[in-house]
Amino acid sequence: MWCPRCRTTLAEAEIEFVKAKRKLYYIKFKVKETNEDIVIATTRPELLNACEVVIYNPKDERYKNLKGKHAIIPLYNKVVPILEHEYAKPEFGTGLVMMCSYGDTRDVWFFRELGLKATILINPDGTMNEKSGFLKGLKIDEAREVIARRLKDEGYLVKVEEYEAEIPVCWRCKTPIEFIHTREYFLKQLEFKDDILKVADMMEFKPLEHKTRLELWVKSLAMDWPISRTRFYGTEIPLWRCKRCGYVILAELGKYVRPWKEPPPVSSCPKCGAPKEFIEGETRTFDTWFDSSISVLYVTRWLDDREGSLKALSRALRPQGYDIIRTWLYYTILRVWLLTGKPPFKWVRITGMGLDEKGRAMHKSLGNVIYPGPYLERYGADAFRYWAAASGKLGSDYRWSLNLVKTGLMFCTKLVNMARFITSFDEPREGTYKLREIDKAMIKYAVKVAKEVARSYKELDVFEPIHKLYDLAWNVFASNYLELIKPRVYKQVNFSDEEVNGAIYTLYKVFRLIIKLLSPIMPFVTDYIWRSMHNGKSVHREKLSDKELEFKEGDERLVDALVKINSAIWKLKKKLNIRFSEALNAIVYVPDIARPIVDDIKYLHKITEVRIGRPTEWDEDLGDGIYVKFLR
Ligand SMILES: [Zn+2]
Ligand SMILES: [Zn+2]
């Protein structure tokens, strides 16, 4: 496969398919034996002289009478056999197909299978060569027009139809690819397809659904991997070749050489003894993936320490986008497996693509590329990371959102403020505190979230964790629990010293969990906070112990009840146009579940009285079993 514009060979992974309108030319051929006309549809009339055989499907009854006969190619008067072959689809065109060298990969296989001699009409620069006769020197598109006109003038063109086709193009320049003959170096891959699928099973894919993309790709491969390129920039292919006998001389292992300008490492051909002048340095470069497919071996110093390298790979994680599954991921698996017999990674974490705020792919030409630099500068890395974690599920595309970055920054500030508040109290020693029901419930609630977050982290997910931790830290812990215990820790109301300490103990316990669990996503602010709380010790040296995720007492539903009651009363105060800190001259009825926090609720909202149960009459029904009777 060849890109006539880049003038280099392409591997299957470098081919993209684009939808395009194509003309389908219906051309009259003569049957040599009977002189009857047959009509063949083709998109490539300029390849007429490369046609070696005409086929129809064995099930196609229309053409049974053509079996064993010959067709005469118009304009060129070349005689080719007519055969039955299942490659021909009865529903395409007229059901008769001219097989040329080559319109697509299928043709390549067809020619190989039937042992046909291929005639190549196209030069590496995308012009027609002398074998195309009167089309010589024309570009492919021009040649198509010229021959179509001539076919029409001479009465061979029956009709032209437009149809939408999937056209293979070069990924780099989008030029339609051509099939020509060039000598290239290949890496065998077809015979290892089953092995590669087995190696894929030895790794964990997160999320699992992207593994299918790899499997489909491996199964679809139809040729070995051409690894040599006629490109200027690239890694030089490290070998020389004897012009007399064809013997290949390799460079010394581990040494980077430039054979096109450096002398060979031998004074004569080791095989035929030809002198140095006969030994020619390779001028081509490698496919770029030939290097990057072994970057994991390079960074783990495989050449110096094979055992150490393999040990590292057995715990390695590959993070990458789904767009390079068929290149970086596939080639890495292939090459590392061929070289080491092992899978290159333990985990493969596949992310989606970053899109702009409107959900479009970022392109320089659209002017919608977001460069992180200025945002990192202005909002900090943690805020930026907050957006990256919060904006999309693992494996799905994620949109740019400045609002989420700003939320991330506000979250950082909130955490620092929470740390300031909490550390303004000394952490109570063991035996000096007593937990109230709401304290136990708060810890239990936080532990439950922590377990869910830990489970998500094991799946290499950060999306669920950031949303759960944000909700826990800000919406539940800061907005509700912290507010609730303020009257207690400021000793504005009558609680025992042990109960005051119970609140402070809970603050430390829950906040530590939050900071630890947030540290992988927001490493800077959490480390800053942790160090300020623990004499400069880094949070990134901490482990989350099983003990921290164990808390048997309490009923976390009490926290849900607290959140509901608080928001109902705050909403009511807003409606009544009184400040949150002002007294509410009323009796508030709350459901039975809230029994243990009746006093706390009363102090927090400065309510005259809080009662359990449903009243017989009320002024406001706030929902969730909360009623208000105003006192006048
Ligand atoms: Zn190209
Ligand atoms: Zn030789």
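Let me begin with a definition: a residue is called buried when its relative accessible area is under 20%, exposed when over 50%, and partly exposed in between, using a 1.4 Å probe and protein chains only. What we are looking at is a predicted model, in which local features need pLDDT of at least 70 and side-chain atom pairs count only at pLDDT 80 or more, while totals for chains, interfaces and linings use all residues, and side-chain values rest on heavy atoms, with hydrogens and water left out. Residues are numbered from 1 along each chain as its sequence is written, and chains are lettered from A and ligands numbered from 1 in the order in which they are written.

I will start with a helix. Helices here are DSSP runs of H or I with at least four residues, strands are runs of E with at least two, and both are numbered from the N terminus. In helix α8, which covers residues 325–340, the buried residues are Ile325, Thr327, Leu329, Tyr330, Tyr331, Thr332, Ile333, Leu334, Arg335, Val336 and Thr340. As background, an α-helix has 3.6 residues a turn, so residues three or four places apart point the same way. Just after α8, Gly341 adopts a positive phi of about 75°.

Now to the metal sites, where donors are N, O and S atoms within 2.8 Å of the metal (3.2 Å for Na, K and Ca), with the caution that water is not among the atoms, so sites may look incomplete. The zinc ion (ligand 1) is held by the SG atoms of Cys3, Cys6, Cys170 and Cys173, at 2.2 to 2.3 Å. Its 4 donor atoms subtend angles of 100 to 115°, and the arrangement is therefore tetrahedral, a label that four donors receive if all angles lie between 85 and 135 degrees. In sequence, these donor residues follow the spacing C-x2-C-x163-C-x2-C. Distant parts of the chain are linked in this way, with Cys6 in the loop between β1 (2–3) and β2 (8–9) and Cys173 in the loop between β9 (157–170) and β10 (186–187), 167 residues apart. Cys6 has a relative accessible area of 12% and is therefore buried.

The zinc ion (ligand 2) is coordinated through SG by Cys242, Cys245, Cys269 and Cys272, at 2.2 to 2.4 Å, and with angles of 107 to 113° among its 4 donor atoms this site is tetrahedral as well. For reference, the ideal angle for four tetrahedral donors is 109.5 degrees. The spacing of the donor residues is C-x2-C-x23-C-x2-C, and the pair of Cys245, in the loop between β14 (239–242) and β15 (248–250), and Cys272, in the loop between β15 and β16 (279–281), lies 27 residues apart. Cys245, at a relative accessible area of 29%, is partly exposed, and Cys272, at 31%, also counts as partly exposed.

Next, the charged pairs. If we define a salt bridge as a side-chain nitrogen of Lys or Arg within 4 Å of a carboxyl oxygen of Asp or Glu, how many salt bridges does the rule give? The count comes to 42. In one of them, the side chains of Asp600 and Arg436 meet at 2.8 Å, N to O, with Asp600 in helix α17 (residues 598–605) and Arg436 in the loop between α11 (402–423) and α12 (437–458), 164 residues apart. Are these two buried or exposed? Asp600 counts as buried because its relative accessibility is 2%, and Arg436 counts as buried because its value is 14%.

A second bridge joins Asp439 to Arg488, with the closest N and O atoms 2.8 Å apart; Asp439 sits in helix α12 and Arg488 in helix α13 (residues 463–489), 49 residues apart, and both are buried. A further bridge, between Glu609 and Arg611, has its closest N and O atoms 2.9 Å apart, and here Glu609 is partly exposed at 31% relative accessibility, as is Arg611 at 35%. Salt bridges that share partners also join Arg44, Glu46, Arg144 and Glu178 into one network.

Finally, a look at Thr42, which lies in strand β4 (residues 37–42) and, at 9% relative accessibility, counts as buried. Leaving aside neighbours within four places in sequence, Thr42 is in contact (heavy atoms within 4.5 Å) with Lys23, Leu24, Tyr25, Ile27 and Met98.

Definitions and conventions. Four donors count as tetrahedral if all angles lie between 85 and 135 degrees; four count as square planar and six as octahedral if opposite donors are over 155 degrees apart and all others between 65 and 115; anything else is irregular.
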